[in-house]
Amino acid sequence: MPFIDCKISKKITDEKKEVLKSELGKNISLMHKPESYLMVGIVDNYSLYFAGKRLENGAYVGVKVFGKPTPEDTEKMTAAICGLFERELGIPASAVYVTYEGISDWGWNGGNF
């Protein structure tokens, strides 16, 4: 039951959103989670500030997974996310924050896991 929440400081096209969604769907396997349960949220043109200044070309990505992610898995996922955002959006890795949260209680389809 992963959820990847992307907040991007600049406007991006629907086509780029599709690319991000598809690539994140592939990358979630790095955390041993299936794309078939992945939900992705993308908010562009989001106001982000870093070191007290507006960040014109940056992103925050929050990754939530059912269970506890391992440091090895999060290390691989961070590299994949930063590479994707740099390659597709021109956002340098130094302007991308990625956080991880393990969730013990996750509901879906009228019940909990």
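These notebook entries record what I looked up in a predicted model, namely its salt bridges, its aromatic pairs and one surface patch.

**Entry 1. Conventions**

I worked with a predicted model, in which local features need pLDDT of at least 70 and side-chain atom pairs count only at pLDDT 80 or more, whereas totals for chains, interfaces and linings use all residues. Residues are numbered from 1 along each chain as its sequence is written, and side-chain values use heavy atoms, with hydrogens and water left out.

I took helices (H or I, at least four residues) and strands (E, at least two) as DSSP runs, numbered from the N terminus.

**Entry 2. Salt bridges**

I looked up the salt bridges, each defined as a side-chain nitrogen of Lys or Arg within 4 Å of a carboxyl oxygen of Asp or Glu. The structure holds 9 of them. Side chains of opposite charge can pair when their charged atoms come close.

I turned to Asp-44 and Lys-17, which form a salt bridge with the closest N and O atoms 3.8 Å apart. This pair links distant parts of the chain, 27 residues apart: Asp-44 sits in the loop between strand 2 (39-43) and strand 3 (49-50), and Lys-17 in helix 1 (residues 14-27). Asp-44 counts as buried because its relative accessibility is 12%; Lys-17, at 21%, counts as partly exposed.

I then examined Lys-21 and Glu-18, whose side chains meet in a salt bridge at 3.4 Å, N to O. Both residues lie in helix 1, 3 residues apart, or about one turn of the helix. Lys-21 is partly exposed with a relative accessible area of 33%, and Glu-18 is partly exposed with 47%.

I noted a further salt bridge between the side chains of Glu-88 and Arg-87, at 3.9 Å, N to O. Glu-88 is partly exposed at 22% relative accessible area, whereas Arg-87, at 54%, counts as exposed. Elsewhere, salt bridges that share partners join Lys-11, Lys-17 and Asp-44 into one network.

**Entry 3. Aromatic pairs**

I next looked up aromatic pairs, in which rings of Phe, Tyr and Trp (its six-membered ring) have centres within 6.5 Å; planes under 30 degrees apart count as stacked, over 60 as edge-to-face and the rest as tilted. The structure holds 5 aromatic pairs.

The rings of Tyr-37 and Trp-108 are edge-to-face, because their planes stand at 85 degrees, with the centres 5.5 Å apart. Tyr-37 lies in the loop between helix 1 and strand 2 and Trp-108 in strand 7, so this pair links parts of the chain 71 residues apart. Strand 7 covers residues 107-108. Tyr-37 is partly exposed at 37% relative accessible area, and Trp-108 is partly exposed at 44%.

Tyr-37 also forms an edge-to-face pair with Phe-113, at 6.5 Å centre to centre and 90 degrees between the planes. Phe-113 lies in the segment after strand 8 (111-112), so this pair ties together parts that are 76 residues apart in sequence. Phe-113 counts as partly exposed, at 45% relative accessibility. I recorded Tyr-37, Phe-66, Trp-108 and Phe-113 as one aromatic cluster.

**Entry 4. Surface patch**

Which residues form a nonpolar patch on the surface? I found Tyr-37, Trp-108 and Phe-113, with about 330 Å² of accessible area together. Patches are made of residues with over 30% relative accessible area and no salt bridge, like charges being joined within 9 Å and nonpolar side chains (Val, Leu, Ile, Met, Phe, Trp, Tyr) within 5 Å. Accessible areas come from the Shrake-Rupley method with a 1.4 Å probe, and for residues only the protein chains shown count as cover.

Methods
Buried < 20%, exposed > 50% of the residue type's maximum accessible area, 1.4 Å probe, protein only.
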